[in-house]
4 protein chains.
Amino acid sequence: MTHTIHGKQKLLARTRRLRGQIEAVERALEAEEGCDKVMHLLAAARGALAGLMGEVVEDHIRHHLVDPERHPGALDENATEELLDVIRSYLK
Amino acid sequence: MTHTIHGKQKLLARTRRLRGQIEAVERALEAEEGCDKVMHLLAAARGALAGLMGEVVEDHIRHHLVDPERHPGALDENATEELLDVIRSYLK
Amino acid sequence: MTHTIHGKQKLLARTRRLRGQIEAVERALEAEEGCDKVMHLLAAARGALAGLMGEVVEDHIRHHLVDPERHPGALDENATEELLDVIRSYLK
Amino acid sequence: MTHTIHGKQKLLARTRRLRGQIEAVERALEAEEGCDKVMHLLAAARGALAGLMGEVVEDHIRHHLVDPERHPGALDENATEELLDVIRSYLK
């Protein structure tokens, strides 16, 4: 079964912002800016991508690990929060 | 509810190996070894710690997100594998 | 002093490929694909961004930490390789 | 040439604290604590290890990439700071 992502519009908006950040890297390279500028733009894009991944992974955990219609209430809320805490600490 | 970890002996063995790697960093610092040596020991310890975290996170996802006695079969196997794939790519 | 990046064309090509990967995430979201698909596209984009950052950081270390015209031969080749080894282990 | 690490006592103190954190993981496993507890201890140890690596890498960059006796002033201070900024963003 394929699961559609929740919060599609919010995720699309974040993805478009991320694309804008990659385009800024392209412009900086074309304009032959210093590599300090390019490193900073890439570091910002990396943070944005990690944040986006965090959203999608959280959606996956909350909505797709357990089918809520067939198994309502099966996903343990505390255990889910603990897992998300650890994952977020890696997605920085 | 608190959940005891599965595979306690295997995890303990990995943790003791990791402690040995940290002790090797201590000895290298005490012996005033070069910082190339210290960096390599730390990089190896980091890999070992990430592997250990991966084991514990996988155990948490497979056994504690859903109580298998109360909700047998509720955890979607495919969705779990997809999540573990993504998490492992971050735990390298 | 601002330093222009070396290997501009190669970096631009990698950046454009990365932009293409972000656009694939956009298309997957618009087509309401499953979040497994979106997670995999994001994981691939993350790898590409890390590789690009690795190239820029290596360029920065090799060419801009020391002005080669004013201080030829000042950058220690072995120490540079050891540093790049450690940085690459984080850029995976 | 091998370079002794600067700030040996401070690094040793941090390494011993890190060893204490790994020993706390061992005790938690032996006491059959929940895996939420173990995950949090591991996440803290990972942060400590990353901070220690950051110190050693900074020492390596500041003192060993360029031999300060043979090439005084060759290491560009601004370029060094920019590099350390990027590396720190990965060592979190």
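Between chain B and chain A, four residue pairs are in polar contact, with both residues at pLDDT 80 or more. A polar contact here is a pair of N or O atoms within 3.5 Å; within protein, one must be able to donate a hydrogen and the other to accept it, and residues adjacent in sequence count only if both atoms are side-chain atoms. This is a predicted model, where local features need pLDDT of at least 70, side-chain atom pairs count only at pLDDT 80 or more, and totals for chains, interfaces and linings use all residues. Residues are numbered from 1 along each chain as its sequence is written, chains are lettered from A in the order in which they are written, and side-chain values use heavy atoms, leaving out hydrogens and water.

**Where chain B meets chain A**

- Sorted by class, the side of chain B that touches chain A has 14 nonpolar, five polar and three charged residues. Nonpolar covers Ala, Val, Leu, Ile, Met, Phe, Trp, Tyr, Cys and Pro, charged covers Asp, Glu, Lys and Arg, and the others, Gly among them, are polar.
- Contact (heavy atoms within 4.5 Å) takes in 22 residues from chain B and 22 residues from chain A.
- The two chains bury about 1700 Å² between them, 71% of it on carbon and sulfur atoms. Buried area is the accessible area (1.4 Å probe) that two parts lose on being put together, summed over both.
- In chain B, L65(B), L83(B) and Y90(B) lose the most area to chain A, together 33% of what that side buries.

**Where chain A meets chain C**

- Here 35 residues from chain A and 35 residues from chain C make the contact.
- Chain A and chain C bury about 3200 Å² between them, with 76% of it on carbon and sulfur atoms.
- The rule finds eight salt bridges across this interface.
- K8(A) forms a salt bridge with E32(C), and their closest N and O atoms are 3.0 Å apart.
- Polar contacts between chain A and chain C come to 10 residue pairs, both residues at pLDDT 80 or more.

How values were computed: Salt bridge = Lys/Arg side-chain N within 4 Å of Asp/Glu carboxyl O.
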